[in-house]
Amino acid sequence: MSKLKISGAMIDSSISTKRPLANFHPTVWGNYFLSYTPQLTEISTQEKLELEELKEKVRKMLVETPDNSTQKLVLIDAIQRLGVAYHFKNEIKTSIQNIFDESEESNKDDDLYVVALRFRLVRQQRHYMSSDVFEKFTNHDGKFKETLTKDVQGLLSLYEAAQLRVHGEEILEEALSFTITHLESMIPILSNLLKDQVREALSESIHTNLPRMTARKYICIYENINSHNKLLLRFAKLDFNIVQKVHQKELGELTRWWKDLDFSEKFSYARDRLVECHFYSVGVYFEPKYSRARELLTKVLTIYTIIDDTYDAYATYDELVPFTDAIDRSGCDISAMDSVPHSLRHTYQALVDINTQIEERLTKEGTLDHLYYVKYEMKKLARAFFKEAQWLNAGHIPKCEEYMKNANVTTTCMMVATTSLSFMEEPIAKETFEWLINEPLILRASSAINRLKGDIIGHDLEQQRKHIASFIECYMKEYGASRQEANAEVEKNLTNAWKDMNTEFLHSTHEIPMFVLELVINIARSAYIFKENDFATAQREFKDKITLLFVDPVNV
């Protein structure tokens, strides 16, 4: 019997196989990052010395500025938005605790900018401050006073504070509507600097944007503010460029790994999105100390992009039955290879290899107990991918609740949260992993945001070929609704998911470390980068964002 090679896999030519190929476009990056050699990305001794010197000066400034002053609030805000807060976590934590403890005293403030800034900074540190602090800025009917409409900085501050609202905070719902309306209307009459600040905020709030992307854009804005702190600006610029070199070095090594394994040829049916996956990893945790964890996470993401496309845009239903069984039964062990169809053995081998790498890494770091949770989520993900294949094979359009329960897994957010956490060189309790695999509300909300954002943007593209129904189709069928009504329901669910995350962030048991909660929120934030620019086609806008973070340094 003759054999035919398709996408690196050997299959019988006697079998006429109709595959649901998606014809994804090739990578827009190619081998570009191979040029980032260790020599090119080396951080000089001079850079390290200057960074340390500036860091200590900023630390001194942070510690010596009184906690009960407006200057302290403004300084912490600038440090966070410029992306250098990771250097001063303990100092900021102590300051915010003091500010929160003294907040009753500060309730006499009648400056909207200050009140809203304090509210946001305190909530960002997991302290619950009541939204009643804004009542003094409203009339008896609950509407915000018209006199506030000329206070651009106050409106911006209130807009950003409202992003941290939880369920039932009507005053913050009103604040959001009020600020958006007035900020949008005043754009034509603002100075160029204020115009940039307002447009940037309305495009993506601080709370919903990835910290690294916020930093890249805010450095340019902050530089043009007359009252900017020159020392802090210099420190932020130098730190950004040094961290960028770390990310470039990682991408150089990852590109070499990808090229050596010839994945783009072996899996020509799948998306070749190594650079985009690394962007995602940097979104989850960007700090230099997580470099090794980030590289391994990117490898996992690229493999699971291939697995996703294998289920979605290559394998037949009959092939997926034994393929899924092999993953679920053995946890991606080589012993199950014989039960995998020949056409999917390269794919299964890729899973075996990445699991071996993970096991070796965790063994070396003395955290092999984390492997159970990594495999648990990988098996759960394969079952969820297969559930979608079953629905597609049967022509079944599920109810919205059934769809979202499965979709929360197929977004890969749950797998990413558990896997990325297991790679971090931090002491992480077994209870934290148990909490994660039991799908807490904050993780379900983060997953829902990813799924719903994807469904809004990708719906039309995916329905051009045989593809599982999106939430939009499920809603339209279940409720006899129009496309417009389905879109409105998606937007409502997105808003509620953010409120769920904000609530859990504030009220989750304090035994769950803050960095774990922030990691889950960062996964939700990544949806706004990927999904607005469509991960499937990696359009120009997304390329521009990658260029900002990985290619262009800031001018020091």
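# Working chat on a predicted chain

User: What does the secondary structure of the chain come to?

Analyst: The chain has 23 helices and two strands. Helices (H or I, at least four residues) and strands (E, at least two) are DSSP runs, numbered from the N terminus. This is a predicted model, in which local features need pLDDT of at least 70 and side-chain atom pairs count only at pLDDT 80 or more, while totals for chains, interfaces and linings use all residues. Residues are numbered from 1 along each chain as its sequence is written, and side-chain values use heavy atoms, with hydrogens and water left out.

User: What radius of gyration does the chain have?

Analyst: The chain has 25 Å, which agrees with the value near 24 Å that a compact globule of 556 residues would have. That radius is taken over C-alpha atoms, and the globule rule is 2.2 Å times the number of residues to the power 0.38. The C-alpha trace spans about 85 × 65 × 45 Å along its principal axes.

User: What share of the residues is buried?

Analyst: Of the 556 residues, 58% count as buried. Buried means under 20% relative accessible area, exposed over 50%, and partly exposed in between (1.4 Å probe, protein chains only).

User: And contacts, what share joins residues at least 24 apart?

Analyst: That share is 74%, among contacts between residues at least 6 apart in sequence. A contact means heavy atoms within 4.5 Å.

User: Charges next. How many positive and negative ones, and how far apart are their mean positions?

Analyst: There are 68 positive and 83 negative charges, and their mean positions are 3 Å apart. Lys and Arg count as positive and Asp and Glu as negative; His and the chain ends are not counted. The place of a charge is taken as NZ of Lys, CZ of Arg, CG of Asp or CD of Glu.

User: Let's do a helix. How many residues of α5 are buried?

Analyst: In α5, 10 of its 11 residues are buried, so the helix is mostly covered. Among them are Val 152, Gly 154, Tyr 159 and Glu 160.

User: What do they pack against?

Analyst: The buried residues of α5 pack against α4, α6 (170–186) and α7 (192–203).

User: What about Leu 164, buried or exposed?

Analyst: Leu 164 counts as buried because its relative accessible area is 5%. Its place is the loop between α5 and α6. Leaving aside neighbours within four places in sequence, Leu 164 is in contact with Arg 120, Arg 123, Gln 124, Glu 169, His 207 and Asn 502.

User: Go back to the loop between α4 and α5. Where is Thr 138?

Analyst: Thr 138 is in that loop, which runs between α4 (112–124) and α5 (152–162). Thr 138 counts as buried because its relative accessibility is 14%. A polar atom of its side chain lies 2.7 Å from the backbone oxygen of Glu 135. A polar contact is a pair of N or O atoms within 3.5 Å; within protein, one must be able to donate a hydrogen and the other to accept it, and residues adjacent in sequence count only if both atoms are side-chain atoms. Not counting residues up to four places away in sequence, Thr 138 touches Lys 143, Phe 144, Lys 145 and Ile 171.

User: Which phi does Arg 126 have?

Analyst: Phi of Arg 126 is near 75°, a positive value in a residue other than glycine. Arg 126 is in the loop between α4 and α5, and is buried at a relative accessible area of 7%.

User: What is phi at Asn 23?

Analyst: Phi of Asn 23 is near 55°. Asn 23 is in the loop between β2 (9–12) and α1 (45–64) and is exposed, with a relative accessible area of 69%. Thr 41 is also in the loop between β2 and α1, but Thr 41 is buried, with a relative accessible area of 4%.

User: What does Thr 41 touch?

Analyst: Thr 41 touches Tyr 36, Lys 245, Gln 248 and Lys 249, not counting residues up to four places away in sequence.

User: Last one. Where is Val 300, and what is it in contact with?

Analyst: Val 300 is in helix α12 (residues 291–313) and counts as buried at 0% relative accessibility. Leaving aside neighbours within four places in sequence, Val 300 is in contact with Ile 354, Ile 358, Met 378, Met 415, Thr 419 and Phe 423.
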